[in-house]
Amino acid sequence: YSNIDRQEIENIETAVVNWQAIFAISLVRRKNMKFLHKLNYVLLILCLSCTAYANEVKEEKEIVDTEYQFTHEYMAKGENGYYLCIGSFLFYWEEGMDEATPLCSKIDCMHQYEEDREKARECEAYVGYTLMNLLDYYDGKLYTFGVDWEHGRSIIQYVMDADGTNREKNDEYKYYDYVSGWSPRYHKGYLYYATVEAEPLGEGYVNKVSKLWRKIADGSEEAEELFETDYKAESKVAFDSGFVMPFYLYKDYAYFATMREDGCYQRYVYDLKEKKATALPYRYEDAVNMMVRGFYEDKMIYSYAFEHDDREEGKNVFISNLDGSEEELLFTAKPSFFFAGMDDKYVYLDDGQCEAIINGEKHTRTIYIYDKNTGELMWEYDMINPTILAWGLGDENYLFYLATGDTVYALDKKSLIPGQEPVTKLIVEAPNDIF
């Protein structure tokens, strides 16, 4: 390999993916899905190995920035594709693949289709289902939380190579570290989480002391306290942490809100380099919260929440710099929205709803796609069997979302052609309730 340059390696990867796609079609027609998964895994190892070698020959190590607009916490972007932790299994998917491949090399393994629980747990892609199936890819390593059945189904961190091999358990992380505050979140080689303590004040009140922490993702160092806040609360509110879910991490910033004594919320942006928190100013004095909805390059996308949901100002779409400066009104959306994404052409607003009958009409969760420059509504895309509030959106190439039955769909942005319907494909299916 000493004479292979970067371009030659890329040519090898392209040839492998093209050959895989062609051969996969014939295998699907024969319904030989089991063998297809094995073939996919072998080709996946080859592609990831080529990528790893190409990175090694660089004189200076470069850590690829795999951040992109809000995605599922159980999805991570790698060097060339996407990793997913769906149900109890790990998968890899990239453009050109018919469906995601389980990170397992066993020839006789049925992976997520195995109905025998004990056999399913022997799959190399199995990590176990938890309420916080976090997944992160950073500097050639995968980090995820899973189940350690050897110790009574305790929740534990797993660290492994990009192809799923060399998996190690990290005993530094246990579930009890996080039950008193936020669920943890990965970001740029760190794990962020919060804790809360209640100090009795008497007369039915307590002082809630909430702290934001972070640890090196591999657990090699002690946790570092980043931010602390406190406020007076009724002692009966046992699970009120003082922090307001959700909190977000993007590039060099963390975004969160804290409860104020007047019942409203104060939004903060925390500079992870300077280690400094700044309270963001609100455009509207009667706004009860500033809702971070998504990110695009060096911009934050957000809206304001009010006591009454019928306020038209609650449909305004704003952007600003990541530190909250230079606020700009983009346009007013037709419906309210929960999550937002953006690219060079369009703004994507997810209404976050589930299927319901509203004013006598059936409504399903919808992504409203607007022209970025004119604010014109271009498409109303109804999701396929969506789950409620499982956010997705994606990057410059795809929109992703989780559907019922532990399935994931990808909407190809190349199909967004005015006058035509967007093209969506099923990329993951993990139907069995294997824990």
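Helices (H or I, at least four residues) and strands (E, at least two) are DSSP runs, numbered from the N terminus. This is a predicted model, in which local features need pLDDT of at least 70, side-chain atom pairs count only at pLDDT 80 or more, and totals for chains, interfaces and linings use all residues. Residues are numbered from 1 along each chain as its sequence is written, and side-chain values use heavy atoms, with hydrogens and water left out.

**View 1. Confidence along the protein.** The average pLDDT (the predictor's confidence in each residue, from 0 to 100) is 76, and 71% of the residues score at least 70. Residues 1-33 have a pLDDT below 50, and beyond near neighbours in sequence this stretch makes 40 contacts (heavy atoms within 4.5 Å) in the model. Residues 49-62 are also below 50, with 16 such contacts.

View 2. The side chains of Lys273 and Asp252 form a salt bridge, 3.6 Å from N to O. The term means a side-chain nitrogen of Lys or Arg within 4 Å of a carboxyl oxygen of Asp or Glu. Lys273 is in the loop between β15 (265-271) and β16 (276-279), and Asp252 in the loop between β13 (243-250) and β14 (253-259), so the pair ties together parts 21 residues apart in sequence. The whole structure has 17 salt bridges.
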